[in-house]
Amino acid sequence: MGRLVIPAQPSPFVLETARTALLMIDMQRDFLEPGGFGEMLGNDVSRLRTAIAPCRALLDIAREAGLFVIHTREGHRADLSDAPSAKLERSPPDKRIGACGPMGRILVRGEPGHDIISELAPFPGEPVIDKPGKGAFYQTDLELMLRNRGVASLIVAGVTTEVCVHTTIREANDRGYRCLAAGDACASYFPEFHEVGLRMIAAQGGIFGSVATRAEISAAFVSAADCKEEKPA
Ligand code: C5J
């Protein structure tokens, strides 16, 4: 499809589709589904669920345009050997990582709650990165995959805006990737954190990256596809 210009904050975001990946962060049952770990902690999961339809639309457009699509999941080995005590101790024993939650052991790989919600299920061939931390680069092979594919730009969506999305964008920015957060395809249990999280990314001339809406991103892809179709053979 070639070069695209997406209206964004603080300035237009230019990408080459062949060198762009869509990163879908942690759209997991335990965070998003009623009856999961997120709700068990007293969070209103409907806030996160607002990102599902925009994420779905982004996946459709990215797949259509041939972007490299990557999904992540936050979680740990069953023996918790990759979970630092500092992370485990943050919750009471019956609600911490590894305890039995409503959808199996909380944030443990292979448990039902750890899986990606069915609405956004990865397609065959789309890598799923299992990450032990908040950032998708920490102790994973994400960077290796991106380098091998020549990726220079990332469109980032998922949950939660101020935690795993933010950490991943900060990590990517430090590694030289151009990042575009798809604002309404991200969400938080805390609306104010979501809003300020997005503002922080685009502040100071785009200190960590840029922010656009899902509709702005889709429109740029659609108009590039229309242009291509209209070109004489
Ligand atoms: C959190 C995440 N919030 N995916 N995880 O613990 O943002």
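The largest pocket of this predicted model has a volume of about 490 Å³, where a pocket is an open set of points on a 1 Å grid over the protein atoms alone at which a 1.4 Å probe fits, with protein on both sides within 12 Å along at least five of seven lines, and the volume is the space filled by probe spheres set on the points. Of the 23 residues lining this pocket, those closest to its centre are Phe-31, Phe-37, Leu-41, Lys-134 and Val-163; a lining residue has an atom within 4 Å of a point. Local features need pLDDT of at least 70 and side-chain atom pairs count only at pLDDT 80 or more, whereas totals for chains, interfaces and linings use all residues. Residues are numbered from 1 along each chain as its sequence is written, and side-chain values use heavy atoms, without hydrogens and water.

- The largest share, three residues, comes from H7.
- The lining divides into 11 nonpolar, four polar and eight charged residues.

**Sheet**
- Six strands form an open sheet with parallel pairing, in the order S7-S4-S3-S8-S9-S10, two strands being paired if DSSP finds at least two bridges between them.
- Strands S7 (128–131) and S10 (210–212) stand at the edges with a single partner strand each, so one side of each is left without a neighbour in the sheet.
- Six bridges join S8 (residues 153–159) to the parallel S9 (residues 178–187), and Val-156 stands opposite Ala-181 in S9.

**Cysteines**
- The structure holds zero disulfides, a disulfide being a pair of cysteine sulfur atoms within 2.5 Å.
- For Cys-55 the nearest cysteine sulfur, that of Cys-186, is 7.1 Å away.
- Cys-55 is buried at 0% relative accessibility, and Cys-186 is buried at 2% (buried means under 20% relative accessible area, exposed over 50%, partly exposed in between, with a 1.4 Å probe and protein chains only).

**Backbone geometry**
- The peptide bond from Gln-9 to Pro-10 is cis, with omega near 0°, and Pro-10 lies in the loop between S1 (3–6) and S2 (13–16).
- A cis peptide bond also runs from Val-159 to Thr-160, with omega near -15°, and Thr-160 lies in the loop between S8 and H7.
- Gln-139, in the loop between S7 and H6 (142–148), has a positive phi of about 55° and is exposed at 60%.

Notes. Helix = DSSP H or I, 4+ residues; strand = E, 2+ residues; numbered from the N terminus. Nonpolar A, V, L, I, M, F, W, Y, C, P; charged D, E, K, R; others polar.
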